[in-house]
Amino acid sequence: MNVAVVGAQWGDEGKGKLIDILSQDADITARYQGGNNAGHTVVVGNKEYIFHLLPSAILHKGKVCVIGNGVVVDPKALLEEIQGLGQRGVHVTPQRLKIAGLSHVVMPYHRILDGLRESKRKNKIGTTGRGIGPCYADKVTRCGIRMIDMTNPRILKSKLEDNLREKNDIFKNVFGYSDFSFGDIFKEYAEYGKKLEKYICDTATYLNRAIDQKKSVLFEGAQGTFLDIDFGTYPFVTSSNSVVGGVCSGTGVPPTKIDQVIACVKAYTTRVGEGPFPTEFSTALMEEIRTKGNEFGATTGRPRRCGWFDSVMVRYAVMLNGVAKLAIMKLDVLDGLDKIKICTGYKYKGKISKDFPMDFEALCKAKPVYEQLNGWMTPTTGIRRYNNLPLNARRYIERLEELLEVDVKYISIGTKRDEIIVR
Ligand code: IMO
Ligand code: MG
């Protein structure tokens, strides 16, 4: 069975942990979009691993990880990640890691442009500064450099020359930024090409053949539905399709070969970076939940904004992704609250709507309509069976199932691998 895991909020839903668990039963795990803007945390015993580009399944020996063509790869960051894992005893071999030759490469000018554009904007997006947006922009404007190009010095040279001719003009005249040196970048990237060549292949063919041979593939989404370039809270989004549709264009695996979609949500909501957030907490609760949930970005360390669970958003995500099962993560973070709220609608201009608004102003000004439930006020982390959860915790979950019209299959009640309830 081929399963896709997507985030149904603004990223950081706990996809890393879920992938770590589900990938034990999959032969291959594949990333399909995003880049090292992602930060997927996996805790094994007392060791914590944070993955940015490598699929979180790399910890399981004998499993294959794929970086699909829809991912943007910063070769420097990837090599550091591979090396860092090697130092911790996890060896990333070409048998275990396959990188799409067609995936686009994050160049130094992408990272710098990301920062320069943010500094000029009045309405900042709060990007991770990893050059993700500019790299995808070059892909779409057809001047991008792909992984396979890095392994062919003639192609790399000609594409880099073309890019720098245009970019040096723009950087100098628009941003007052000094020239990029062709020689330095060429040398650096040709070297990356040599180091990464052994991992690069036609991953679309690899994946489709594997599926035809009855191997199972797990697709690992990065970011979340509301950071999706089309369906997210644009322009406060990332530059790729994080919804399940991105799996097909980002790996070359057709929709007919995806059997099930599981969405990951937090038991509450968080967002890192700027943009509208209707159910955001007032200061007191913000501090409490941020501290309990350790809500600091895994990539940039920024404090995450926290708020109540928003069923209007997640219902929309369930529809967009064709979600069959839900994984509710970090339920234990709510253990100490005596009252818990769920947003069930948005009030705007005197009207209550249960649909996620298209209009940006409507979203910014929407007042959430809440339903209040009693908390359970007992620790849940030690619990392994659904029926042993406190009654009010089960009521909370079952109410979410009703509102979202989807079954909850996984409930995470701690950071460790075994701290999960499977229903
Ligand atoms: P994972 O995979 C949470 C946010 C950034 C910013 C916006 C655009 O760990 O869930 P970008 O650098 O992508 O151009 O930034 O998207 N963002 C994330 N927020 N989790 C992520 O990934 C994110 N990746 C990007 O904070 O608001
Ligand atoms: Mg993250």
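User: Is Gly-39 buried or exposed?
Analyst: In this predicted model, Gly-39 has a relative accessible area of 11%. Buried means under 20%, and exposed means over 50%.

User: How many residues apart are Asp-12 and Gly-39?
Analyst: Asp-12 sits in the loop between β1 (3–7) and α1 (15–22). Gly-39 belongs to the loop between β2 (28–31) and β3. The pair therefore links distant parts of the chain, with a separation of 27 residues.

User: What does Asp-12 count as, by relative accessibility?
Analyst: The relative accessibility of Asp-12 is 21%. Buried needs a value under 20% and exposed a value over 50%, with partly exposed in between. Asp-12 therefore counts as partly exposed.

User: Which residue has a polar side-chain atom 2.6 Å from an oxygen atom of ligand 1?
Analyst: Backbone atoms also approach ligand 1: a backbone N or O atom of Gly-39 lies 3.0 Å from one of its oxygen atoms, and a polar backbone atom of Gln-223 is 2.8 Å from an oxygen atom. The side-chain approach at 2.6 Å belongs to Thr-238.

User: What percentage of ligand 1 does the protein bury?
Analyst: Taken alone, ligand 1 exposes 540 Å². Of that area, the protein buries 98%.

User: How many charged residues are in the shell around ligand 1?
Analyst: There are 20 residues around ligand 1, and among those that come nearest are Asp-12, Lys-15 and His-40. The shell includes 7 nonpolar and 10 polar residues. The number of charged residues is 3.

User: Which residue's backbone nitrogen does the side chain of Gln-33 reach at 2.6 Å?
Analyst: Gln-33 lies in the loop between β2 and β3, and it is buried, with a relative accessible area of 2%. A polar contact of 3.0 Å joins its side chain to that of Ser-240. The backbone nitrogen reached at 2.6 Å is that of Ala-222.

User: Which residue takes a positive phi in the hairpin of β3 and β4?
Analyst: Strands β3 (residues 40–44) and β4 (residues 47–51) run antiparallel, joined by 5 bridges. Val-44 has Lys-47 in β4 as its bridge partner. The hairpin has 2 residues between the strands. The residue with a positive phi, near 60 degrees, is Gly-45.

Definitions and conventions
Residues numbered from 1 in each chain as written. Chains lettered and ligands numbered in written order. Predicted model: local features only at pLDDT ≥ 70, side-chain atom pairs only at ≥ 80, totals over all residues. Heavy atoms only, no water. Near = heavy atom within 4 Å. Polar contact = N/O pair within 3.5 Å; in protein donor to acceptor, adjacent residues only side chain to side chain. Areas by Shrake-Rupley, 256 points an atom, 1.4 Å probe, with all protein chains shown as cover. Nonpolar A, V, L, I, M, F, W, Y, C, P; charged D, E, K, R; others polar. Pairing = 2+ DSSP bridges. Helix = DSSP H or I, 4+ residues; strand = E, 2+ residues; numbered from the N terminus. Buried < 20%, exposed > 50% of the residue type's maximum accessible area, 1.4 Å probe, protein only.
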